[in-house]
Amino acid sequence: HKPYFMPGVDTGDYVVVVNCERVRVTGNKLDEKMYYRHSQYPGGLTATSLRQQLERYPDRVIRSAVWGMLPKNKYGRKLMKKLKVSMMKFNFV
């Protein structure tokens with residue numbers, strides 16, 4: 001709805017993702033794509049497959065995919081605050 005576009009400038013728009021648990025992927029990504037977390041303790045690396053992540057936290061899948069495409073600086077963090085991800089079971093529309 002805005003007639004102008006400037007790369008690298010926040011124009012104030014939000015992005016809303018609805019029904020994030022309905023994400024569909026191709027190939028063997030459900031079992032082969034892994035998400036890693038570390039607890040900062042020795043031996044604290046935890047690996048979670050995409051299938052498990054979609055069952056428990058489908059919003060984190062979308063957030064991590066978008067974060068991977070954004071610059072890792074103040075501007076990228078500012079844009080991540082404008083991303084709204086909602087799940088069907090918590091959607092009170």
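## Salt bridges

A search of the whole structure finds three salt bridges, a salt bridge being a side-chain nitrogen of Lys or Arg within 4 Å of a carboxyl oxygen of Asp or Glu. The structure is a predicted model, in which local features need pLDDT of at least 70 and side-chain atom pairs count only at pLDDT 80 or more, whereas totals for chains, interfaces and linings use all residues. Residues are numbered from 1 along each chain as its sequence is written, and side-chain values use heavy atoms, with hydrogens and water left out.

One of the salt bridges joins D31 and R51, with an N to O distance of 3.0 Å. D31 belongs to helix α1 (residues 29-32) and R51 to helix α2 (residues 50-56), so this pair ties together parts that are 20 residues apart in sequence. Helices (H or I, at least four residues) and strands (E, at least two) are DSSP runs, numbered from the N terminus. R51 is partly exposed, its relative accessible area being 36%; buried denotes under 20% relative accessible area, exposed over 50%, and partly exposed the range in between (1.4 Å probe, protein chains only).

## The network around D10

D10, K78 and K82 are linked in a network of salt bridges. In the pair formed by K78 and D10, the closest N and O atoms are 4.0 Å apart. K78 lies in helix α4 (residues 74-80) and D10 in the segment before β1, so the pair connects parts that are 68 residues apart in sequence. The side chains of D10 and K82 also meet in a salt bridge, at 3.7 Å from N to O. This second pair links distant parts of the chain, with D10 in the segment before β1 and K82 in the loop between α4 and β4 (83-86), 72 residues apart.

K82, by contrast, is buried, with a relative accessible area of 16%.

## Overall fold and dimensions

The protein contains four helices and four strands. Along the sequence these elements follow the pattern β-α-β-β-α-α-α-β. The radius of gyration is 16 Å, well over the 12 Å that the globule rule gives for 93 residues, so the protein is more spread out than a compact globule. This radius is taken over C-alpha atoms, and the globule rule is 2.2 Å times the number of residues to the power 0.38. The C-alpha trace spans about 50 × 35 × 30 Å along its principal axes.

Buried residues make up 20% of the 93 residues.

## Core and buried positions

Which residues form the largest nonpolar core? This core has seven residues: C20, I62, L70, M80, L83, V85 and M87. A nonpolar core is a set of buried Ala, Val, Leu, Ile, Met, Phe, Trp, Tyr and Cys residues joined through side-chain atoms within 4.5 Å. Not counting residues up to four places away in sequence, L83 touches V15, V17, R63 and V66.

Q53 is placed in helix α2 and is buried, at 11% relative accessibility. Leaving aside neighbours within four places in sequence, Q53 is in contact with Y35, T48, P58, R60 and V61.

## Surface and exposed positions

The accessible surface of the protein comes to about 7,600 Å², of which 57% belongs to carbon and sulfur atoms. Accessible areas come from the Shrake-Rupley method with a 1.4 Å probe; for residues, only the protein chains shown count as cover. Y4, M6 and V9 make a nonpolar surface patch of about 280 Å². Patches consist of residues with over 30% relative accessible area and no salt bridge, like charges being joined within 9 Å and nonpolar side chains (Val, Leu, Ile, Met, Phe, Trp, Tyr) within 5 Å. Y4 is found in the segment before β1 (15-18) and is partly exposed, with a relative accessible area of 44%.

E32, in helix α1, is exposed at 60% relative accessibility. N28 occupies the loop between β1 and α1 and is exposed at 53% relative accessibility.

Key: Contact means heavy atoms within 4.5 Å.
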